[in-house]
Amino acid sequence: MNKTIFKIISVIIFLQIICVFDFSLAAQADTPLHIDLDVKDMNIIDVLRLLAEQGQVNIVASRNVQGRVTAKMKGVTVEQALGAILDANNFVFSEENGIVKVLTQQDLLQQEQTEKLITRVFLLKNLKAANLRQALNSMKSPRGRLEIDMMSNQVVITDTREKIQEIEKSILLLDRQLITQAYVLNYAEAKSIQEKLIEIIPKEEAELFVDERTNTLVVRAIPPIVEQISLIIKSWDRRASQVLIEAKILEVSLDKTKGLGISWEYLRSDGDGLNVATDLSAGISGGGTLKIGTLSADEYQVTLRALESSTDTNILSNPRIVAIDNTEANILVGSAEPYLTTYIDKESNTQTEETKFMDVGVKLKVTPKIGKDGYIRLKIHPEVSSARRVAEVNNALAVDTTQADTTVVVKNAETIVLAGLIKDKDTKIKTKVPILGDIPLLGVFFRSKLDSKVKKEIVVFITPYILKANSSQSEQFTRNQAIEHALEEAEGRWGQWEEENHEQE
């Protein structure tokens with residue numbers, strides 16, 4: 001019994017050893033053999049024999065292969081070593097049926113000239129045979145012949161076996177079934193989609209045409225490519241969400257005590273209990289730099305009232321503009337100032353002048369980006385500029401500009417406050433004594449003129465509202481009614497607060 005168990009265990013161990021040995025041989029067979037080669041001025045035939053023995057390959061050299069080799073290589077495959085040595089000595093090799101043939105360039109040319117030619121007939125299914133004439137003529141060898149049968153739409157090629165195989169691959173690639181698909185885009189621009197598709201799909205795989213008049217993109221390609229393009233266009237040609245941007249631009253006159261701008265910490269309606277910067281969580285501070293804060297609908301109305309009651313405020317503009325998601329919206333409150341531009345033609349030495357215009361005033365650029373969480377990221381560029389003439393430089397136009405760039409994230413329907421944009425404004429005040437000031441000549445003594453500079457601070461309130469792409473007009477109208485109701489409620493709270501403070505006094 002013990003002898004039987006011993007025999008069984010011995011057989012199992014023997015089989016395991018055989019399996020491990022076979023596995024290691026298989027691994028060696030799959031792994032390319034690396035060799036070291038160090039020869040100096042050795043006959044190339046001896047080097048080829050050495051490579052054949054080390055790499056266990058069959059190598060046959062032409063009688064015209066002669067020369068001496070000096071090489072030192074480490075950790076390379078036999079194919080790498082063979083290719084490097086033959087390339088350095090202007091020889092070539094080819095492999096056929098497990099035998100490597102080493103030839104000179106002249107041997108190769110002679111072999112091609114004496115190689116037997118074969119003839120193949122290709123029936124085209126999609127392309128016209130005549131359209132391939134130029135391409136196939138450039139591919140055949142000097143001994144090859146090309147015939148086109150227009151009636152049967154066939155191509156007859158006579159050439160070497162290697163060239164026939166090369167031409168066959170090209171015909172299979174070119175003679176593919178092509179379909180044409182037209183896409184009438186609703187929202188995206190066809191020209192823009194075409195440029196993006198060219199970056200993704202090589203021009204060899206698809207032809208793209210654009211009709212800008214009808215905003216149509218036409219694609220001609222094989223069915224799998226057309227299906228891929230259809231998915232891409234479907235994902236790109238979507239109605240983008242829109243954002244309604246309501247802005248209120250105020251101009252606040254600053255006296256000597258407010259030379260650095262509005263002190264928001266101490267902004268009160270009547271000096272009793274209203275601190276905008278803290279009580280209303282505006283998050284803005286005083287002091288001559290760009291100030292940013294956010295307000296809810298109620299806080300927005302209260303802040304406006306406090307600002308109007310505590311300062312000399314002038315509403316410059318109250319624009320409303322709709323911007324597509326991730327698209328810049330521009331608002332300008334100002335004027336276009338003319339200026340002359342001089343051009344000199346060097347050839348004719350003539351001078352021409354052209355009148356151009358520059359926008360000055362209050363500029364506001366807003367780019368909204370709607371997040372998946374319902375928040376809105378606003379990239380804001382406020383700019384305040386004023387023009388002045390420089391008498392010393394031919395009354396040229398000079399522009400004084402205050403600008404800033406900022407990005408904020410707010411909830412839908414929240415208000416952003418931008419302040420701290422200060423500019424100097426020239427004012428002219430004329431006074432005269434009634435009747436006496438109108439007397440010719442003598443009236444000069446009864447009239448006066450005063451030129452002064454007044455500092456103005458621009459305060460901008462921006463409120464974005466997300467307009468959903470699938471919402472109807474009635475839903476938008478209901479939303480606007482809700483906003484108006486909230487504003488009316490805020491005004492009511494303000495009146496109640498004023499009455500309570502009046503009773504306390």
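**Close-up views of a predicted model**

**View 1. A hairpin with a positive phi.** Five residues, to be written as 5 residues, lie between strand 18 and strand 19 in this hairpin, and among them N394 takes a positive phi near 50°. The model is predicted, so to speak of local features requires pLDDT of at least 70, side-chain atom pairs count only at pLDDT 80 or more, and totals for chains, interfaces and linings use all residues.Residues are numbered from 1 along each chain as its sequence is written, and side-chain values use heavy atoms, leaving out hydrogens and water. Strand 18 (residues 376-390) and strand 19 (residues 396-403) are joined over 8 bridges in the antiparallel sense. Strands and helices here are DSSP runs, numbered from the N terminus: a strand (E) has at least two residues, and a helix (H or I) at least four. Two strands count as paired if DSSP finds at least two bridges between them. Look for V390, whose bridge partner in strand 19 is A396.

**View 2. The whole protein chain.** Step back for a moment: the secondary structure of the protein chain comes to 11 helices and 22 strands. Of its 505 residues, 32% are buried, where buried means under 20% relative accessible area, exposed means over 50%, and partly exposed lies in between (1.4 Å probe, protein chains only). The accessible surface is about 32800 Å², and carbon and sulfur atoms hold 52% of that surface. These areas come from the Shrake-Rupley method with a 1.4 Å probe; for residues, only the protein chains shown count as cover. Among contacts in the protein chain with a separation of 6 or more, 65% are between residues 24 or more positions apart. A contact means heavy atoms within 4.5 Å.

**View 3. An open sheet in the order 6-8-7.** This open sheet has 3 strands with antiparallel pairing. Strand 6 (118-123) and strand 7 (145-149) are at the edges with a single partner strand each, so one side of each has no neighbour in the sheet. From one strand to the next, the twist averages 15°. Angles run from 0 to 180 degrees between N-to-C directions, and axes are lines fitted to C-alpha atoms, for helices over the stretch in contact. Strand 6 pairs with strand 8 (residues 154-159) over 6 bridges, in the antiparallel sense. Find F122, which stands opposite V155 in strand 8. Helix 6 (residues 161-174) lies across strand 6 and strand 8, and runs at about 10° to strand 6.

**View 4. The loop between strand 7 and strand 8.** M151 is found in this loop. At 80% relative accessibility, M151 counts as exposed. M151 and A129 are 22 residues apart along the chain, and their C-alpha atoms are separated by 9.7 Å. N153 lies in the loop between strand 7 and strand 8 too; its phi is near 55°, a positive value in a residue other than glycine.

**View 5. An open sheet in the order 9-11-10.** Here 3 strands form an open sheet with antiparallel pairing. Strand 9 (179-184) and strand 10 (206-211) are the edge strands, each pairing on one side only. On average, neighbouring strands of this sheet are turned by 20° against each other, direction ignored. Strand 10 and strand 11 (residues 216-221) share 6 bridges in the antiparallel sense. In strand 11, V218 is the bridge partner of F209. Helix 7 packs on the sheet, where it touches strand 10 and strand 11, and its direction makes about 165° with that of strand 10. Helix 8 lies across strand 9, strand 10 and strand 11, running at about 10° to strand 9. In the loop between strand 10 and strand 11 you can find N215, which has a positive phi of about 55° although it is not a glycine.

**View 6. Helix 7 meets helix 8.** The axes of helix 7 (residues 190-200) and helix 8 (residues 223-236) come within 12 Å and cross at roughly 135°. The two helices are therefore oblique to each other: angles under 35 degrees count as roughly parallel, over 145 as roughly antiparallel, 65 to 115 as roughly perpendicular, and the rest as oblique. The contact is made by I193, K196, L197 and I200 of helix 7, with I229, I232, I233 and W236 of helix 8.

**View 7. S317 in strand 14.** S317 sits in strand 14 (residues 312-317). With a relative accessible area of 18%, S317 is buried. Not counting residues up to four places away in sequence, S317 touches A247, K248, I249 and V333.
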